[in-house]
Amino acid sequence: MADANQAPREIAELSFEEALEELKQIVGRLERGEGRLDDAIEAYERGARLKAHCEAKLKEAQAKIERIGLGPDGVPHAEPFDREN
């Protein structure tokens with residue numbers, strides 16, 4: 001992740017964990033009211049993009065998860081993950 005003196009990395013390059021950590025830092029700075037208004041607006045916009053990136057990464061992971069179930073014949077099989085169950 002970038003520090004205050006470096007340009008931030010493109011969001012698409014960040015892992016879920018990196019994006020989430022940066023998002024936490026942005027939220028902390030905004031909650032403390034640090035910086036100028038223009039900086040806060042820019043940070044908020046980046047935070048919104050980071051949030052969307054994290055949500056997309058979670059959906060990707062969720063799509064890959066399979067649940068092991070037993071068929072009526074007792075044979076195990078994989079079925080897609082279903083959040084409601």
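Helices are DSSP runs of H or I at least four residues long, strands are E runs of at least two residues, and both are numbered from the N terminus. The model shown in these views is predicted.

**View 1. His 53 sits in helix H2.** H2 covers residues 37-64. His 53 has a relative accessibility of 13%. The cut-off for buried is under 20%, so His 53 counts as buried. What does His 53 touch, leaving aside its neighbours within four places in sequence? Its contacts are Ile 11, Ala 12, Leu 14, Ser 15 and Ala 19. Ile 11, Leu 14 and Ala 19 are also members of the largest nonpolar core.

**View 2. The whole chain follows the pattern α-α-β-β.** It has two helices and two strands. Of its 85 residues, 18% count as buried. The chain exposes about 6,800 Å². Carbon and sulfur atoms supply 53% of that area. Among contacts with a separation of 6 or more, 41% join residues 24 or more positions apart.

**View 3. Helix H1 runs from residue 16 to residue 32.** It has 17 residues. From first C-alpha to last it reaches 24 Å, close to the 24 Å expected at 1.5 Å a residue. Which residues of H1 are buried? They are Ala 19, Glu 22, Leu 23, Ile 26 and Gly 28. These buried residues pack against H2. An α-helix has 3.6 residues a turn, so residues three or four places apart point the same way. After H1 comes Gly 33, with a positive phi near 70 degrees.

**View 4. The largest nonpolar core holds eight residues.** Its members are Ile 11, Leu 14, Ala 19, Leu 23, Ile 26, Ala 43, Leu 50 and Cys 54. H1 and H2 are the elements that give two or more residues to this core. Nonpolar side chains tend to be buried together in soluble globular proteins. Take Ile 26 as a way in. Not counting residues up to four places away in sequence, Ile 26 touches Ala 43, Arg 46, Gly 47 and Leu 50. Ala 43 and Leu 50 belong to the core.

View 5. Glu 22 lies in helix H1 and Arg 46 in helix H2, so the pair ties together parts that are 24 residues apart in sequence. Are these two residues buried or exposed? Both are buried. Side chains of opposite charge can pair when their charged atoms come close. The whole structure has four salt bridges.

**View 6. Lys 51 and Glu 55 form a salt bridge.** The closest N and O atoms are 2.8 Å apart. Both residues lie in helix H2, four residues apart, so about one helical turn separates them. Lys 51 counts as partly exposed, at 45% relative accessibility. Glu 55 is also partly exposed, at 40%.

**View 7. Glu 34 and Arg 32 form a salt bridge.** Here the closest N and O atoms are 2.7 Å apart. Glu 34 has 40% relative accessibility and counts as partly exposed. Arg 32 is the last residue of H1.

**View 8. Strands E1 and E2 pair in the antiparallel sense.** E1 covers residues 66-70, and E2 covers residues 76-80. Five bridges link the two strands. Glu 66 stands opposite Pro 80 in E2. The hairpin has five residues between its strands. In this hairpin, Gly 74 takes a positive phi near 85 degrees. In a regular strand the side chains alternate between the two faces of the sheet.

**View 9. Glu 79 lies in strand E2.** Its relative accessible area is 24%. Partly exposed runs between the buried cut-off, under 20%, and the exposed cut-off, over 50%, so Glu 79 is partly exposed. Which residues does Glu 79 touch, not counting those up to four places away in sequence? Glu 79 touches Glu 66, Arg 67 and Gly 69. Ile 68 is 11 residues from Glu 79 in sequence. In space, the two C-alpha atoms are 6.3 Å apart.

Notes. Residues numbered from 1 in each chain as written. Predicted model: local features only at pLDDT ≥ 70, side-chain atom pairs only at ≥ 80, totals over all residues. Heavy atoms only, no water. Buried < 20%, exposed > 50% of the residue type's maximum accessible area, 1.4 Å probe, protein only. Contact = heavy atoms within 4.5 Å. Areas by Shrake-Rupley, 256 points an atom, 1.4 Å probe, with all protein chains shown as cover. Expected span 1.5 Å × (residues − 1). Core = buried A, V, L, I, M, F, W, Y, C linked by side-chain atoms within 4.5 Å. Pairing = 2+ DSSP bridges. Salt bridge = Lys/Arg side-chain N within 4 Å of Asp/Glu carboxyl O.
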